Amino acid sequence: MNIFERIQKLDRRWIYIVVALAIILPLAIPFNSDDVTSPPTENLYQFIDAMAGRQDRAVLMSFYHDASTMPELFPMEVAIIRHCFERNIKVFMLTWFPQGAPIIDYAINTVKEEYPNIKSGVDYCNFGYIPAALALPTILGMGDNIATAVKTDAEGRKVENLEIIKGVTNYSEMNLVVEFSGSSAGGTWLFYARPKFGLNIAVGVTAVMAADEYPYLQSGQMIGMLAGLKGAAEYEKLVDVFAAYREPGDPTEAPRMENGNRKALGRSFSSDILREESIKELINITTQTTASFSPTEYQEFIAKYPDKTAIFDNLKLEKDGKIEIDVTKISDAEAEELGHTAHADLKRMTHNIIYKFKVARIGMNAQSVAHIMIIVFIILGNIGYFIQKARQAKQQ
Amino acid sequence: MKKTIPLIIVIVGGIIFLLWVFVPHKIMADDFYYEFFTPWARAMAPFAALLGVMSLSMMHTAKIKRRAPKWQYSYFFFAGFIITTLAGFIGGTQKGGIFMWMFENMAMPMSATMFSLLAFYMASAAYKAFRARSVEATVLLLAAIIVMLAQVPMGVKISKHLPTISQWILDVPNLASKRGIMLGVGLGSVATTLKIMLGIERSYLGGGE
């Protein structure tokens, strides 16, 4: 048996070993990479972001999947919830799947741990599990009145009495639904809610389902789409670059304005900012421990904590005209003296992204290696096939 | 009679829902749908769930009694069903309880593992079967390689034009074929629905007609 025949008859277990290594190694050793954002993701991000701080706007997230598709869909859900929490956007959740109910809880808890001021019934509301048999009455009913169509939330509270429902009556206010599924389930919203109420629809789907959604995207029936882990990674990046971005002098909590709306912290989407070199330090997925300021930025930052100036001055180091503070050098006593808010604010300035908010990007590194490896396999297989074919032709 | 009554139910139900979609009158939109249909649907949903549990339990009980092939696995169904139900009823379904612990540490990893096996089969299939045997297969192969490369950060480093080319493949050739398939499926669905509603297609009632 010559080498080409061997290549053709390679035992599949060797392929499995190479695939396993190609996936495990990049997951175990993260490296920085940049996921170029695609228009369907950017459109969805911008649509949600336009609701920032508004009391009369809300997003509905529909978790129509079970645990099997979580590796692809869960990072998207976490990224969108984080976006909403960062920018004070009201968010509702529901599921038509019994297995979806714990996924909603898990997603909320995953994000909420980092946002202690976010409250259930005020900033978000979980409608919980609604049997699929009631999907149609619920979808159509919410077009008239949300609190009538869904009477209680997952915690058994009357929806009409919740703070979050003030200013949100039907799809005129809750005018975007994002359906997460490993199928074309988003179609239900498209067929019933969009023609009748003009509801805006977006989907988060597994990569294998993405191609099926393009007809709806092109026709404008869907305003955006997150396609597989790549979509999740792109959304994570946008949240880091815009929604979670803070100038050193920004307040830690958004003040409420006279009309009830809240000032949205972070910054609005801009294609120009995405092209800037400076965003690279905002999207590093390797561990970042140093907060770096220009002298002016440092003054703006410490002005927020006038009684902690001495501690910050004690921690700072001057390097190449920049002021740096290494957060790993802060002792427990100093951390206690700084207090939770100032310490958390300083840590935010390091632009270190905690693991749960960069899962998709770490996964994309693994996918990078796996894709390239599969392409190499395809090319090798074809080379072997054609050489073998040429030899056989010669022999005949 | 056994077939006539279900047939009448299907035809009448079909016509009512057809009218509901196309006639925006109060009688159809409010009186029928919200006052009549929605409360009935709400009342029926728990019975449907109960029916599912009963059917599944009966099927597994019968399997154990008959010692059918792989009957031992039926015990796992009962164990899983009873333990999960008790955990949910006793400890609640919120974080910190046994239910959520089981979901996070058992259901999630097991389901994800099953789904991730797809990657191994895809890699193996790509190597063994993805051959440029014809012009069509070569076009498919090239499109696949471009889209796969454009999906990942490493691919974009090879050429910054890859995402644009990939987006074109998805937006134009992919879209044209998808739309063609969807139109075909849509027309087929309409034809089948009409056949069912007019009583021409009766195979769903069982029997050989």
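1. In chain A, strand β1 (residues 58-64) and strand β2 (residues 90-95) pair in the parallel sense over five bridges. Strands here are DSSP runs of E with at least two residues, helices are runs of H or I with at least four, and both are numbered from the N terminus. Two strands count as paired if DSSP finds at least two bridges between them.

2. The model is predicted: local features need pLDDT of at least 70 and side-chain atom pairs count only at pLDDT 80 or more, while totals for chains, interfaces and linings use all residues. Residues are numbered from 1 along each chain as its sequence is written, and chains are lettered from A and ligands numbered from 1 in the order in which they are written.

3. In β4(A), V178(A) is the bridge partner of M61(A), and E179(A) is the bridge partner of S62(A).

4. Is β1(A) mostly covered or mostly open? Mostly covered: seven of its seven residues are buried. A residue is buried if 20 or more other C-beta atoms lie within 10 Å of its own, exposed if 12 or fewer, and partly exposed in between, with C-beta atoms placed from the backbone. In a regular strand the side chains alternate between the two faces of the sheet. In β1(A), A58(A), L60(A), S62(A) and Y64(A) point one way, V59(A), M61(A) and F63(A) point the other way, and all are buried.

5. β4(A) is likewise mostly covered, with six of its six residues buried. L176(A), V178(A) and F180(A) point one way from this strand, and V177(A), E179(A) and S181(A) the other way. β4(A) also pairs in the parallel sense with strand β5 (residues 200-205) of chain A, over six bridges. L176(A) stands opposite N200(A) in β5(A). β4(A), helix α8 (residues 187-197) of chain A and β5(A) make a right-handed β-α-β unit.

6. Turning to chain A as a whole, there are 15 helices and nine strands. The C-alpha trace spans about 90 × 60 × 35 Å along its principal axes. Of the 396 residues, 44% count as buried. Two residues are in contact if their C-beta atoms, placed from the backbone, lie within 7 Å. Among contacts in chain A between residues at least 6 apart in sequence, 76% join residues at least 24 apart.

7. Chain A is divided into domain 1 (3-28 + 357-395), domain 2 (39-243) and domain 3 (289-350); such bounds come from an automatic or database domain assignment. The centres of domain 1 and domain 2 of chain A, taken over C-alpha atoms, are separated by 37 Å. Eight residues of domain 1 of chain A are in contact with seven residues of domain 2 of chain A.

8. The largest nonpolar core has 117 residues, and V59(A), V91(A) and M225(A) have the most contacts inside it. Because domain 1 and domain 2 of chain A both give residues to this core, it lies between them. Apart from it lies another core, of nine residues, among them A291(A), I325(A), L346(A) and M349(A). A nonpolar core is a set of buried Ala, Val, Leu, Ile, Met, Phe, Trp, Tyr and Cys residues joined through C-beta atoms within 7 Å.

9. The contact between chains takes 43 residues from chain A and 49 residues from chain B. On the side of chain A that touches chain B, α15(A) gives the most, with 13 residues. By class, that side has 25 nonpolar, eleven polar and seven charged residues. Ala, Val, Leu, Ile, Met, Phe, Trp, Tyr, Cys and Pro count as nonpolar, Asp, Glu, Lys and Arg as charged, and the others, Gly among them, as polar.

10. K316(A) is in the loop between α13 (309-315) and β8 (317-319) of chain A. K316(A) counts as partly exposed because it has 16 C-beta neighbours inside 10 Å. Leaving aside neighbours within four places in sequence, K316(A) is in contact with I323(A), E324(A) and I325(A).

Definitions and conventions:
Right-handed = clockwise from strand over helix to strand, strands pointing away.
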